[in-house]
Amino acid sequence: MPEKERLFLTVDEALDAVRCDFAQYASQFNLLSVIWPMVFGDGAYVLRDAHSRSIWAKMSGNTKLIPSSEADLKQRIMDCLDRYTPGPQHLARICSRVFGAHVEAGPGPIADTTSGIWIDTGMEDFVCNQCGRCCLTLNYHDGCSVGDYQRWQDLGRTDILDWVGTIRQKGQVTACRIWVTPGTSDFAETCPWLARSPDPNRYVCTIHDVRPTICRQYPGSRKHARMTECGGV
Ligand code: SF4
Ligand code: SF4
């Protein structure tokens, strides 16, 4: 498998990735109900009342059911993982569930890297069908990096830079936003680089080779694609 399709994370990075996943996707009750006993031990479980939709949680070794919410479950899981950092093997099993991917514990790619986990992104055979949904619906405005800005500057792409809002400190660009209608502080209604392809059901990116990193990295995983309703296969 090409290396770019496998992602190595240290234990701390993996915990941050789980935290980001929980923050990014609001409704993941089924996932949380699987993770809960993995974190709190056999006998721990969560329930959701089919009618009231209220959530109850039970810790291992405790007879009481405590009223809860998805946000509360996530917070308790992360607090526990931060407090009692799981070993790589256990963390790999948790991450496999969280990211819906094959995950293995192991040493990092360089000799002095501590152990962590390897995640197979499953993206090696991903095919974008050019539906344009990501460009039309996802919020990428804050996803432009200063690195993107500098790359466009180096390439002399003033046509792209015209659509980038910047914050400067002491003359240096320190933050960017895309795509801002030139001469205003308003976001463009749609990305100015998105165009219809000759096939009316497909779109093309007219700056494909130099598109922002956030666009190049989408979707980052099969789960990311699924959770954001990407039309690729
Ligand atoms: S720059 Fe290209 S890939 Fe990014 S949102 Fe616009 S059209 Fe889509
Ligand atoms: S939503 Fe998915 S399939 Fe559609 S254009 Fe974006 S990456 Fe391609």
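**Fold, helix packing and ligand shells of the predicted model**

The protein chain holds nine helices and 10 strands. The model is predicted. Along the principal axes, the C-alpha atoms fill a box of roughly 65 × 50 × 45 Å. The chain has 233 residues, of which 21% count as buried.

Two packed helices are described by the angle between their axes and the distance between the axes. Helix H1 spans residues 11-24, and helix H4 spans residues 88-99. The two pack at an angle of about 25 degrees, and their axes are 11 Å apart. H1 is therefore roughly parallel to H4, since angles under 35 degrees fall in that category. The crossing of H1 and H4 is left-handed. On the H1 side, the contact uses Val11, Ala14, Val18 and Asp21. These meet Pro88, Leu91, Cys95, Val98 and Phe99 of H4. By class, the contact of H1 with H4 comprises eight nonpolar residues, no polar residues and one charged residue.

Tyr84 sits in the loop between helix H3 (70-83) and H4. Tyr84 counts as exposed because 9 other C-beta atoms lie within 10 Å, and the exposed class takes in residues with 12 or fewer. Tyr84 and Val127 are 43 residues apart along the chain. Their C-alpha atoms are separated by 40 Å.

The model includes two ligand shells. Around ligand 1 are Cys135, Tyr140, Cys191, Trp193, Leu194, Cys205, Ile207, Arg211, Pro212 and Cys215. This shell around ligand 1 divides into nine nonpolar residues, no polar residues and one charged residue. Ligand 2 is surrounded by Cys128, Asn129, Gln130, Cys131, Gly132, Arg133, Cys134, Tyr218, Pro219, Cys230, Gly231 and Gly232. By class, the shell around ligand 2 has six nonpolar, five polar and one charged residues.

Backbone geometry was examined next. Most residues other than glycine have a negative phi, and most peptide bonds are trans. Gln130, part of the shell around ligand 2, has a phi near 60 degrees, a positive value in a residue other than glycine. Gln130 is found in the loop between strand E6 (115-120) and helix H5 (133-137). Gln130 is partly exposed, with 16 other C-beta atoms within 10 Å. Glu229 is not a glycine either, yet has a positive phi of about 60 degrees. Glu229 belongs to the segment after H9. With 11 other C-beta atoms within 10 Å, Glu229 is exposed.

Cis peptide bonds occur at Trp179 and at Pro219. The bond from Ile178 to Trp179 has omega near -25 degrees. Trp179 is placed in the loop between strand E8 (172-178) and strand E9 (194-196). The bond from Tyr218 to Pro219 has omega near -15 degrees. Pro219 lies in the loop between helix H8 (213-216) and helix H9 (222-227). Tyr218 and Pro219 are both among the residues that surround ligand 2.

Conventions
Residues numbered from 1 in each chain as written. Chains lettered and ligands numbered in written order. Predicted model: local features only at pLDDT ≥ 70, side-chain atom pairs only at ≥ 80, totals over all residues. Axes fitted to C-alpha atoms, helices over the stretch in contact; angles between N-to-C directions. Helix = DSSP H or I, 4+ residues; strand = E, 2+ residues; numbered from the N terminus. Parallel < 35°, antiparallel > 145°, perpendicular 65-115°, else oblique. Left-handed = near helix turned anticlockwise from the far one by under 90°. Contact = placed C-beta atoms within 7 Å. Nonpolar A, V, L, I, M, F, W, Y, C, P; charged D, E, K, R; others polar. Near = placed C-beta within 6 Å. Buried ≥ 20, exposed ≤ 12 C-beta atoms within 10 Å, placed from the backbone.
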